[in-house]
Structures are given as C-alpha cells and as structure tokens.
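Have a go at each before reading its solution.

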Amino acid sequence: MIYLDNNATTPVDPEVSDAMFSCLKRDFGNPSSSHLLGKKAKEVIENSREIIANFLGCRRDEIYFTSGGTESNNLSLIGIALYHKKGHIITSAIEHPSVINTCLHLESLGFDVTYAPVDGEGIVKLDEVRQSIRKNTILISVMHSNNETGVIQPVEEISALAKEHGITFHVDAAQSIGKMHFSLAGSPVDLMTVVSHKFYGPKGIGALYVKNGTNLKPILFGAGHEMGLRPGTENVSGIAGLGKACEIAKRDIKLRVSHTTHLRDMLFNSLRSNIPDIKLNGHETKRLPNTLNIRIPGLTSIDLVENIKDQVAASTGSACHSGKQSPSSVLKNMGLSDAEALSSIRLSVGKDNTEEEIKKAVETITNAVNEMNKKPAAKKPVCQ
Ligand SMILES: Cc1ncc(COP(=O)(O)O)c(C=O)c1O
C-alpha cells in the first residue's frame with residue numbers, strides 16, 4: 001500500500017510513539033496530583049508546552065492543549081463569540097467543516113457571518129474580506145492552507161487588515177504546521193489551531209495558540225486545567241507525542257519541504273505525461289509542498305479511488321449523502337462544475353514516501369484510468 005493521503009492523517013513517527021509509550025508506562029500520574037508521580041506527569045506537559053512554543057515562535061503560556069483541530073476551532077470561534085455576546089464574524093467559503101459548521105451554529109444563535117469567496121485558484125479574495133468588515137466585526141477566521149487543494153491563503157495580509165481594525169484574527173493552521181516553514185514570531189495572529197496528527201503526531205491531541213491579551217471564554221466547564229480555558233485531565237501521552245512531533249518538525253522541516261516538493265512534482269509531471277488531459281486544481285506555486293489536487297476529465301474520481309484502493313491510498317473531496325456523491329464544496333467555490341469536481345482526486349505525499357513508491361503509484365493510477373476509459377462510464381457515482 002502506497003500511502004498518498006497525508007492530508008487526511010500522517011503515520012505516527014517512531015520517535016513519537018517511543019516518547020508516548022515511555023510516558024504511558026512511566027508517567028501515568030494525574031498531573032494535578034501533588035505526589036511525585038503527579039509532578040512527573042506535570043513535567044511532561046510543561047516540557048512539551050515549552051518545545052511547542054519554541055517551535056511555533058511564541059511564549060509557552062500562549063499554548064493551550066485541546067483534543068485536536070475541531071476543538072481548537074470551536075474554542076476559538078465560540079469562545080470569542082461568547083466573550084462579545086453579539087456581533088459579526090468573517091470567515092471564508094472554503095474552511096474545514098469544523099469552522100463552517102461552527103459558524104452556522106453561531107448564526108443560529110443570532111451572530112452574523114460573512115463567508116468570503118475564493119478565486120479560481122482557491123485563494124480567498126482579500127478585497128471581499130476588506131469590504132465585509134463592519135463596525136461590529138468581532139472575529140476574522142481564515143485557514144492557513146486548504147486541506148483539499150493545499151492552497152496557501154493570504155493570512156499575512158488578512159491579519160494586517162484585522163489588526164488595522166482592532167479585530168481578533170484566528171488561523172486554522174492544521175495543514176501547514178510541520179509541512180512548510182512556519183513561525184508566529186512577529187505575526188499579528190491572535191489565535192491559531194494546531195493539529196498533531198497532520199504532522200506525524202498522535203490523533204486526539206492538538207493545541208490552540210492564544211496570544212496574550214486575547215479575550216475569549218471557555219466552552220467547557222470543569223476544574224481549572226489549562227489556565228482555566230480548557231478543563232479536563234490532560235492527555236499526557238498525547239501531549240508528549242505532540243511535543244516530540246514538534247521537536248522533529250523543527251529539526252527536519254527543511255528536508256521535509258524539499259523531499260515532498262520533489263515527490264509531488266514528480267507525481268504530477270509523470271501523471272501528466274501519461275494522461276495529458278490532467279488539470280491541476282488550485283494555485284500552482286502558492287501551495288503546500290506535499291499536496292496535489294488534480295482532475296481527470298471524463299472520470300469519476302470516487303470510482304478511481306475505489307479501483308486503486310488496495311495499492312494506493314488517495315482521497316476525493318466529495319462527500320456521500322444518501323448514497324449519492326456530492327461534489328467538493330471547496331472545488332465548487334473555486335468555480336468548478338459538478339462534473340469537474342467529481343472527477344478530482346487529492347494525492348498528498350509525506351516525508352516517508354520514496355521515488356520508487358511514486359513511480360509505482362503513477363503506474364497504478366495510469367493503468368486504472370486506461371481501464372476505466374475503455375469501459376462505459378458508470379451511470380451514477382456510487383458511494384456507501
Ligand atoms: C484544515 C483543517 N482544520 C481542522 C481539522 C480538524 O482536525 P481534527 O479532525 O483533528 O479535529 C482538519 C482535519 O482534517 C483540517 O484539515
């Protein structure tokens with residue numbers, strides 16, 4: 001199996017699992033306990049917080065542990081909304097469902113939300129964000145890079161805009177951290193989502209960066225963990241794993257960027273020479289080094305993914321609703337037709353892929369496409 005689905009999740013790095021395993025075996029105490037085992041567990045947490053802060057370029061007391069990206073996004077949006085009690089929020093039309101559905105929830109509670117559109121290359125339109133700003137805008141939330149296309153968003157410009165108007169700015173950096181060079185140092189971002197399992201850490205753990213002085217309310221209530229913002233006994237081994245993943249990312253990021261860029265481009269160029277109709281979805285250069293989203297005219301990508309699933313792990317951005325495939329809303333927002341979106345496939349390479357694997361994946365995909373072209377197209381895309 002050649003794993004080309006690293007934007008869905010990444011394999012846990014062996015250095016990470018070693019760190020977690022020794023923590024599970026040795027440091028099992030409750031970090032809130034005053035005895036030695038409690039103190040040891042607390043040390044693990046604080047040590048990880050330090051490593052993460054150092055990796056991201058912020059202060060350690062600006063890092064709050066959560067259960068992952070969905071929670072960090074919910075805490076950012078709902079936490080700011082609860083603090084202000086009413087107001088207007090700006091986000092983009094291509095955010096992850098953990099942002100879009102939180103915004104829909106906030107709309108149902110009386111908040112106003114603007115969903116800024118993107119251009120044909122998947123980049124949020126800065127002018128639309130600028131024009132959407134109102135006197136009562138309390139938050140702008142835009143992702144650093146898109147999970148389907150890998151397109152990197154103009155967060156620098158948007159954060160400058162937010163700062164100019166005194167608006168809190170949240171960035172969902174789930175897909176960018178550990179995949180590209182990244183630092184918060186000197187940046188006007190107020191809140192940032194960190195997701196461990198997207199860069200070789202474990203699932204079920206993440207963090208939220210909260211710039212000192214940012215006002216937000218908790219969304220969970222309990223004891224006073226995580227400086228009162230996120231109660232619940234800490235996932236100590238997960239935190240140890242996230243810390244280790246950050247340490248490795250800091251050490252290896254240069255190599256990771258050059259390796260994944262090379263493999264991604266090799267994948268695209270080889271596929272394009274075998275299947276000349278292939279088109280790239282998204283911006284050619286403003287893109288994560290590891291992400292390739294392509295459309296193959298005349299094909300249904302769900303069928304392609306199904307046909308190659310025992311050899312190559314890939315994904316489509318489409319969703320299954322009542323047995324019918326609905327096209328990716330990210331691609332639709334970029335102006336693709338239903339047929340174009342339904343013929344699109346995402347291939348996301350990782351640090352452990354090899355050139356040999358890419359050659360094999362190209363062969364598998366090319367053979368599958370040729371076979372599918374010989375047969376008449378399925379009447380309806382099937383999904384379960
Ligand atoms: C951009 C983005 N934000 C948030 C999330 C949610 O992360 P999690 O599933 O760990 O809660 C994901 C996961 O796919 C993502 O890609």
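A crossing counts as left-handed if the near helix is turned anticlockwise from the far one by less than a right angle, and as right-handed if clockwise. Keep in mind that this is a predicted model.

**Exercise 1.** Work out how α1 and α7 are oriented to each other and which residues meet between them.

*Solution.* Start with the axes: those of α1 (residues 14–26) and α7 (residues 236–274) come within 8 Å and cross at roughly 150 degrees. Angles over 145 degrees count as roughly antiparallel, so that's the label for this pair. Next, the handedness: α1 passes α7 in a right-handed crossing. Finally, the contacts: Glu15, Val16, Ala19, Met20, Cys23 and Leu24 in α1 meet a set in α7 including Val236, Ala240, Lys244 and Ile248.

**Exercise 2.** Decide whether arginine 287 is buried or exposed.

*Solution.* First find arginine 287 in the loop between β9 (279–280) and β10 (291–295). Then count: 23 other C-beta atoms lie within 10 Å. The cut-off for buried is 20 or more, so arginine 287 is buried. Now look at who's around: arginine 287 touches Gly150, Val151, Ile152 and Gly282, leaving aside residues up to four places away in sequence. Its C-alpha atom is also separated by 8.7 Å from that of asparagine 146, 141 residues apart along the chain.

**Exercise 3.** Describe the shell around the ligand by class.

*Solution.* Of the 13 residues there, Gly68, Gly69, Thr70, Asn147 and Ala174 come nearest. Helix α3 (residues 69–84) gives the largest share, three residues. The class tally is three nonpolar, nine polar and one charged.

Terms used
Residues numbered from 1 in each chain as written. Predicted model: local features only at pLDDT ≥ 70, side-chain atom pairs only at ≥ 80, totals over all residues. Axes fitted to C-alpha atoms, helices over the stretch in contact; angles between N-to-C directions. Helix = DSSP H or I, 4+ residues; strand = E, 2+ residues; numbered from the N terminus. Parallel < 35°, antiparallel > 145°, perpendicular 65-115°, else oblique. Contact = placed C-beta atoms within 7 Å. Buried ≥ 20, exposed ≤ 12 C-beta atoms within 10 Å, placed from the backbone. Near = placed C-beta within 6 Å. Nonpolar A, V, L, I, M, F, W, Y, C, P; charged D, E, K, R; others polar.
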